[in-house]
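Me: I am new to this structure. Please give me a close look at a single part of it, then connect that part to the rest.

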Amino acid sequence: MTIFLDMDLPFGALLPEAHVEPGPGGILFDAADIAVQDEVITGWSDQSGQWHTRPAEPNTGNAQVEVFDGRTSLHTRDGVNCGYVVEGLHLSVPVFSMAIAFAPLGRAGTVLTLNPKDGRDYLFLTEENGSAELKFRDDEAPLAVPCEERGQVLLCASVRGGQLSLGVNGGLPQRRSSSSLVQAGLHDLYIGCRSDRAGIKKTLGAALISRIWLWPDEDVFAGETYARLVHMWQKDGPDGI
């Protein structure tokens, strides 16, 4: 109900405008937006409606939607391709950032992969054995950061040419240089797997994925974006802050 008063009010009676904290921006895929019909996933678009996923080719309806810690989540299964693909991400400069909020079920395996349209040296993010790892396919060693906390996990990664950065659960990002490079151009982003290839089942783990953020052309650790992302993740947790 709205009440209108045709009179002047003292300044102290006026409420200030609500303060809206800036979010982390980027392209956001929230599992709450997954479309389901007869328990079958029929689509998943980002919150702007401009980006859409398709199932990875080996994913023949293998993924499910579940609720965990009050959040709708995409449920991936160990050894089974439950992946989805965001096609045609364009990097105008060799810089990219991505983040994912999820709950590992044993080991999550590969959670995100940036796969170039032209080339084979993809960049992938994994979680298993108490460690989160960011690595190019052809690189010798990953950037590894401890990730022993159970429940909801937040991984945030960026690549600037051959400089890798990885932050886990809001911690300070760890960095290392790679002999591989991310290139400007078109890329596909795979969720829960590495490519459209069948096989490589050992890379496929089990997780409940609730949110994914993508930032083409941005290093989230270079400004305020990472702090805003962590604050949002903490607020949305089961305990909140």
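Where does Arg 211 lie, and is Arg 211 buried or exposed?

Reply: A word on the model first. This is a predicted model, so local features need pLDDT of at least 70, side-chain atom pairs count only at pLDDT 80 or more, and totals for chains, interfaces and linings use all residues. Residues are numbered from 1 along each chain as its sequence is written, and side-chain values use heavy atoms, with hydrogens and water left out.

Now the part itself. Arg 211 sits in strand β17, residues 207–216. Helices (H or I, at least four residues) and strands (E, at least two) are DSSP runs, numbered from the N terminus. Arg 211 counts as buried because its relative accessible area is 13%. Buried means under 20% relative accessible area, exposed means over 50%, and partly exposed lies in between (1.4 Å probe, protein chains only).

The side chain of Arg 211 has a partner. A polar contact of 3.0 Å links it to the side chain of Asp 30. Such a contact is a pair of N or O atoms within 3.5 Å; within protein, one must be able to donate a hydrogen and the other to accept it, and residues adjacent in sequence count only if both atoms are side-chain atoms.

Look around Arg 211 next. Neighbours within four places in sequence are left aside here. Its contacts then include Leu 28, Phe 29 and Asp 30. Others among them are Arg 71, Ala 99, Ile 100 and Ala 101. Met 232 and Asp 236 are on the list too. Contact means heavy atoms within 4.5 Å.

Follow Phe 29 from that list. Ser 48 belongs to the loop between β3 (40–44) and β4 (53–55). Ser 48 is partly exposed, since its relative accessible area is 46%. Its side chain makes a polar contact of 2.6 Å with the side chain of Asp 46. That side chain of Ser 48 also reaches the backbone nitrogen of Gln 50, at 3.2 Å.

Asp 217 is in the loop between β17 and α1 (225–236). Asp 217 is partly exposed, at 32% relative accessible area. Most residues other than glycine have a negative phi. Asp 38 also has a positive phi, of about 55°, and is not a glycine. Asp 38 is placed in the loop between β2 (34–37) and β3. Asp 38 is exposed, with 70% relative accessible area.

Ser 165 is in strand β14, residues 163–168. Ser 165 is buried, at 2% relative accessible area. Its side chain has a polar contact of 3.1 Å with the side chain of Arg 175. Beyond four places in sequence, Ser 165 touches residues including Leu 134, Leu 143, Cys 156 and Phe 221. The C-alpha atoms of Ser 165 and Phe 221 are 8.0 Å apart, though 56 residues separate them along the chain.

Take Cys 156 from that list. Cys 156 is buried, at 0% relative accessibility. Cys 147 is buried as well, with a relative accessible area of 1%. The structure holds zero disulfides (pairs of cysteine sulfur atoms within 2.5 Å).

Finally, the whole chain. How many helices and strands are there? The protein chain has one helix and 17 strands. It has 241 residues, and 48% of them are buried. Take contacts between residues at least 6 apart in sequence: 65% of these join residues at least 24 apart. Arg 211 is one piece of this picture, a buried residue in a polar contact with Asp 30.
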